[in-house]
Every structure is written in C-alpha cells, then in structure tokens.
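The following paragraphs give a guided reading of a single model. Please keep the sequence and the coordinates at hand while reading.

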Amino acid sequence: MIQLIDSYNRHINYLRISITDRCNLRCIYCMPKEGISLIGHDDILSYEELLRIACIAVKKGITKIRITGGEPLARKGVVQFVSALSGIQGIQDLSMTTNGILLSPAAQPLRSAGLKRLNISLDSLNPDKYTMITRGGDINQIIAGMKSAQEAGFSPIKINVVVIRGINDDEITSFAKLSMEKNLQVRFIEYMPVGMENGWEKERFVSADEIRQSIKTIGPLLELPSDNGSGPAQMYTIEGAQGRLGFISALSDHFCATCNRLRLTPDGKLRTCLFSDAEVDLKTKVRQGCSDDALADIINEAILSKPQKHHATEQVFKKCIRGMSAIGG
Ligand code: SAM
Ligand code: SF4
C-alpha cells in the first residue's frame with residue numbers, strides 16, 4: 001500500500017476538506033459578528049476540482065476524509081459531493097463536522113450518500129446561551145438535527161464543545177453528564193488562537209486538564225485507549241456511562257508528534273499545519289492544467305515541508321491570519 005510519510009516519519013493519511021468559508025452562524029470564538037471577508041465565488045474550488053484533488057490524494061495514500069467549512073451543509077450540492085467522494089476507491093472513512101443547523105432534513109440523504117460519521121458543534125445546553133455564543137442560532141434546530149442523525153444511523157454522534165472561561169466553563173459537568181445518559185461522545189476542545197479576530201485571550205483559555213478536574217467532581221474518569229476515529233482526542237469515560245468523553249488539548253499538550261493531517265481550504269490551498277500560515281496553492285496548478293502526476297508531486301512536497309510542531313501554547317501564542325472558518329477547523 002502506498003503511504004505518505006513526512007520528514008518526521010509521520011504517516012499522513014487524513015485530509016480535511018473545507019468546502020466553503022460561508023457560514024449561517026457567527027460563533028464568538030470563530031468569526032466577528034459582521035462575518036469575515038469572503039473568498040470570491042470564482043476562487044472557490046468547484047466540486048469537480050475538489051474531487052480531482054481528493055482522488056489524487058487518495059491514490060497517494062490518504063484514507064480518511066472529513067468535510068468541513070465554514071458550514072458544509074450551507075453549500076448546495078453537498079449530498080451529491082459526499083456521494084461522489086464515497087465512491088472513490090481507497091477511502092475508508094468519510095466524515096463531516098457541522099454546526100447542525102441544516103442537519104435535520106440532510107441527515108438521511110447524507111447517510112445514504114455514504115457519510116460514515118458526524119461531529120456536531122454544540123457549545124451550550126442552555127438555549128439563550130447557545131444563541132449568544134452562535135450570535136443567533138436556535139438550539140432546537142440542533143436537537144432536531146441530532147435526532148434525525150440518530151434515526152439515520154449515525155452512531156455514536158460526536159459533540160464538539162469549545163470551552164471558554166466565563167462563557168461555558170460552568171457547563172462542563174452538564175456536558176459530561178450527557179455522556180452518562182446517552183451514547184454520545186462529547187469532545188472538549190481547547191480554545192485556540194486561530195484567526196485574527198476570534199477573541200482569544202489567555203484568561204479565557206481552559207486546559208484539558210482543568211476540564212478533566214471539573215468532571216472528576218461528578219464521578220471517576222477512566223482513561224480509554226484511543227481508537228481509529230478518535231483522532232488526537234484523549235479518550236475517557238465516566239464509570240457506568242453509556243457514552244465517552246474526548247479531550248483535544250491542542251495547546252496545553254500538543255499532539256504534533258502524531259499529527260496525520262492535511263487541510264484543503266475552500267480556495268484550494270493546501271495547509272499542513274492548522275497553526276501555520278504556510279500554504280501551497282493547488283487551485284492555480286489545477287486551473288493551469290497541471291497533470292495528475294504533477295499535482296501528486298506538489299502534494300508530496302507540501303507534506304515534506306509539514307512543520308515538526310506548532311509553537312502556540314497557552315502562554316506563547318501567535319494568531320494565524322486565516323480564521324478557522326476559512327481553514328476548516
Ligand atoms: N461550521 C462547522 C461547525 O461549527 O461544526 C464546521 C467548521 S468549524 C470551523 C469546525 C470546528 O472548529 C467546530 O467544532 C468549532 O467549534 C471549532 N472551532 C472554531 N473556532 C475555534 C477556536 N478558536 N478554537 C477551537 N475550536 C474552534
Ligand atoms: Fe460557523 Fe462553525 Fe465557525 Fe461557528 S464554528 S462560526 S458554525 S464555521
């Protein structure tokens with residue numbers, strides 16, 4: 001089997017494709033309230049271009065693809081795109097991260113199109129606070145979306161929670177309790193300084209370790225071995241719980257040594273590290289008529305330049321220029 005190996009002997013097999021920088025929410029940790037300046041329509045890769053790049057990447061050794069954004073369900077034709085991607089021979093795992101607002105009618109079509117796993121972002125269980133964090137979102141749409149996703153056979157559904165001090169850190173135990181009652185995986189994500197206008201400040205940061213300490217007040221936390229789908233999350237469960245808990249400690253205990261990811265932005269830039277603004281322009285090459293072999297070589301070169309590690313910590317941070325919504329978090 002062909003494998004993509006970078007300069008630090010990491011096996012790169014995971015591509016996150018951001019299909020749009022548009023979003024129907026304005027989460028306070030991701031975007032300013034007026035939104036970001038959007039990539040022009042002509043600069044967004046078409047589905048045909050995305051598929052071509054995905055096929056080449058899979059031939060080179062990518063086996064896992066996640067569709068993200070912006071809000072992926074806000075781009076028309078996403079179900080057909082999922083269907084086409086799932087037909088690429090060699091893809092073993094096809095997943096999506098969504099804010100869930102448009103999920104309810106889309107869940108079954110996505111499942112039938114071949115989507116295997118879903119992560120849904122939900123940062124508060126309190127309807128008013130949810131609306132505040134997302135600047136306008138209605139939690140009832142997420143609840144309906146989760147229900148449809150369960151009925152469509154997505155299991156377990158993963159819930160992404162970005163923990164921010166003074167905003168939702170008081171709900172850590174409520175989210176943990178949810179994993180006791182339901183077969184859900186709640187993933188606590190450290191607030192990251194990605195993008196220039198995401199409001200990140202040290203005082204707002206809550207480390208994965210601190211989150212775990214809060215959860216221990218409701219029951220013993222048992223560490224679990226990480227599985228194929230858990231990625232960089234450290235996995236735990238509360239004794240007797242149906243579901244599981246994941247902790248993504250991107251800043252306090254970075255997982256760069258095992259990072260297996262590449263990201264493709266909506267305008268066709270390949271990024272090898274979430275925290276680095278270094279990008280390789282695939283769109284121009286594709287539109288100049290570059291051959292598949294030449295594109296494969298460019299992807300290989302990009303992988304060889306993947307940094308050994310990022311240098312952001314909870315103390316020393318550097319905001320990267322593109323925001324999460326334009327990279328594909
Ligand atoms: N719109 C979709 C959503 O919200 O699920 C997909 C794109 S969003 C950029 C992907 C993930 O990145 C979400 O789980 C979101 O919570 C997370 N995210 C965005 N900004 C973040 C930040 N500053 N720190 C940590 N996670 C962040
Ligand atoms: Fe949109 Fe997702 Fe960013 Fe929220 S986190 S503003 S839903 S892209």
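Which residue of strand 13 stands opposite R263? In this predicted model, the residue facing R263 is R271 of strand 13. The pairing belongs to a hairpin that strand 12 and strand 13 form with 4 residues between them. Within the turn, G268 adopts a positive phi of about 75 degrees. Strand 12 spans residues 261-264, strand 13 covers residues 269-271, and the two run antiparallel, joined by 2 bridges.

Strand 12 has a further partner. Strand 3, residues 14-18, runs parallel to strand 12 and is joined to it by 4 bridges. Here R263 has R16 standing opposite.

The discussion now turns to the ligands. Ligand 1 is surrounded by 19 residues, the closest being Y29, G70, S121, N160 and M192. Its shell divides into 7 nonpolar, 10 polar and 2 charged residues. Three strands each supply at least two residues of this shell: strand 5 (93-98), strand 7 (157-163) and strand 8 (184-190).

Several polar atoms of the protein can be located relative to oxygen atoms of ligand 1. A polar side-chain atom of S121 lies 2.6 Å from an oxygen atom of the ligand, and one of N160 lies 3.1 Å from an oxygen atom. T98 is placed through its backbone, with an N or O atom 3.2 Å from an oxygen atom of ligand 1. On its own, ligand 1 has 540 Å² of accessible area, and the protein covers 96% of it.

Ligand 2 has around it C23, L25, C27, Y29, C30, G70, N99 and S325. This shell comprises 5 nonpolar and 3 polar residues, with no charged residue.

The secondary structure of the chain comes to 10 helices and 14 strands. The radius of gyration is 19 Å, close to the 20 Å that the globule rule gives for 329 residues, so the chain is as compact as a globular protein of that length. Along the principal axes, the C-alpha atoms fill a box of roughly 55 × 45 × 45 Å. Of the 329 residues, 55% count as buried.

Methods:
Residues are numbered from 1 along each chain as its sequence is written. Chains are lettered from A and ligands numbered from 1 in the order in which they are written. This is a predicted model: local features need pLDDT of at least 70, side-chain atom pairs count only at pLDDT 80 or more; totals for chains, interfaces and linings use all residues. Side-chain values use heavy atoms; hydrogens and water are left out. A residue is near a molecule or strand if one of its heavy atoms lies within 4 Å of it. Ala, Val, Leu, Ile, Met, Phe, Trp, Tyr, Cys and Pro count as nonpolar, Asp, Glu, Lys and Arg as charged, and the others, Gly among them, as polar. Buried means under 20% relative accessible area, exposed over 50%, partly exposed in between (1.4 Å probe, protein chains only). Two strands pair if DSSP finds at least two bridges between them. A polar contact is a pair of N or O atoms within 3.5 Å; within protein, one must be able to donate a hydrogen and the other to accept it, and residues adjacent in sequence count only if both atoms are side-chain atoms. Accessible areas come from the Shrake-Rupley method with a 1.4 Å probe; for residues, only the protein chains shown count as cover. The radius of gyration is taken over C-alpha atoms; the globule rule is 2.2 Å times the number of residues to the power 0.38.
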